[in-house]
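Q: Please take a close look at one part of this model, its aromatic and nonpolar packing.

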Amino acid sequence: MGFLRNWKRRKLDGRPFSDTWRRALEKHIPQYSKMKGEQKERYERLIRYFMAEKSFEGCGGMELDEEKKLLIAALACIPLLGGVSDVYPYLRSVLVYPSVYQAPYSESGDDGVVTEGVESRSGESWDQGVLVFAWDEIAYDLRRPRDGSNIVFHECAHQLDYEWGATMEDFAWQRRTGEPGMAATLKASYQKLLEKLDRGRPVMVDEYAATNIHEFFAVMTETWLERPDRIKTAWPEVDRVLREFYQLNPDFL
Ligand SMILES: [Zn+2]
């Protein structure tokens, strides 16, 4: 698998990057226009691998043209610029609905009672290698690249959490430095967020972060990538572990 993939990647590397793609990226992805030299080349390579290796599927009557696929790939590859993941190895498919879609859910409460129903969703990430999006949410995020929320960054963070156990396990570097691990730092910050919300204090991120530790990580990631200043000021310890995890300085995006 690895050999075949690497061979296909080398073939892709040998071809020039499409001018049509370049124009679309310049128009819609402000981070791309800011990139230079080696970083830009690396970003283009990642996008190409994503486009070649993941399958896209329009659902609910969605017409998924190449530009839409490209823009999803482009957003999904921004968190990868520092090398946190080799293009989401567990991710196979991206499903896209035109707008908010209905999905069945079942939830077991503390009392063991299972509630089932249907709820509206704008995106989700499955452990089994599937991302699901509502296109109008992505289009909204593309128009507001600095509002601190981005559904693609959010769902991709769940893929990375799954890949690395980011919110569950400590990493080698943390054991080396003797500092509290990433998981421990995130858990402590999550408790701090719950306390702040309890006291009615501002938290500077979407309150959805309070749902659980995984959502906390995903919400922190999306805001950190779009508004690093906000996380640095309000959540400096989270900024520190995200920089280490993503091997990325979001100030330059
Ligand atoms: Zn989530």
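Leaving aside its neighbours within four places in sequence, which residues is Tyr 43 in contact with?

A: This is a predicted model. With neighbours within four places in sequence left aside, Tyr 43 is in contact with Ile 29, Tyr 32, Met 35, Ala 74, Leu 75, Cys 77, Ile 78 and Leu 81. One of these contacts, Tyr 32, also carries a charge: Lys 40 lies over the face of Tyr 32, at 4.5 Å from the ring centre.

Now the core around Tyr 43. The largest nonpolar core has 72 residues. Within this core, Ile 29, Tyr 43, Phe 50 and Tyr 246 touch the most other members. Domain 1 (2-164) and domain 2 (172-252) both contribute residues, so the core lies between them. There is also a second, separate core of seven residues. Its members include Cys 59, Leu 95, Tyr 101 and Val 132. As background, nonpolar side chains in soluble globular proteins tend to be buried together.

Tyr 246 leads on to the aromatic rings. Together with Phe 217, Trp 224 and Phe 245, Tyr 246 forms one aromatic cluster.

Over the whole structure, a search finds 12 aromatic pairs. Take Tyr 190 and Phe 216. Their ring centres are 5.6 Å apart and their planes stand at 65°, so this pair is edge-to-face. The cut-off for that label is over 60 degrees. Tyr 190 lies in helix 9 (residues 182-198) and Phe 216 in helix 10 (residues 213-226), so the pair ties together parts that are 26 residues apart in sequence. Both Tyr 190 and Phe 216 are buried.

Phe 216 has another aromatic partner, Trp 235. That pair is edge-to-face too, with 6.2 Å centre to centre and 80° between the planes. Trp 235 lies in the loop between helix 11 (228-234) and helix 12 (236-246), while Phe 216 lies in helix 10, so this pair ties together parts that are 19 residues apart in sequence. Trp 235 is buried, as is Phe 216.

Finally, back to Tyr 101, one of the members of the second core. Strand 3 covers residues 101-108 and pairs with strand 4 (residues 114-121) in the antiparallel sense, over eight bridges. Ser 106 stands opposite Glu 116 in strand 4.

Technical notes: Residues numbered from 1 in each chain as written. Predicted model: local features only at pLDDT ≥ 70, side-chain atom pairs only at ≥ 80, totals over all residues. Heavy atoms only, no water. Phe/Tyr/Trp six-rings, centres within 6.5 Å; stacked < 30°, edge-to-face > 60°. Helix = DSSP H or I, 4+ residues; strand = E, 2+ residues; numbered from the N terminus. Buried < 20%, exposed > 50% of the residue type's maximum accessible area, 1.4 Å probe, protein only. Lys NZ or Arg CZ within 6 Å of the ring centre and 35° of its normal. Core = buried A, V, L, I, M, F, W, Y, C linked by side-chain atoms within 4.5 Å. Domains from an automatic or database assignment. Contact = heavy atoms within 4.5 Å. Pairing = 2+ DSSP bridges.
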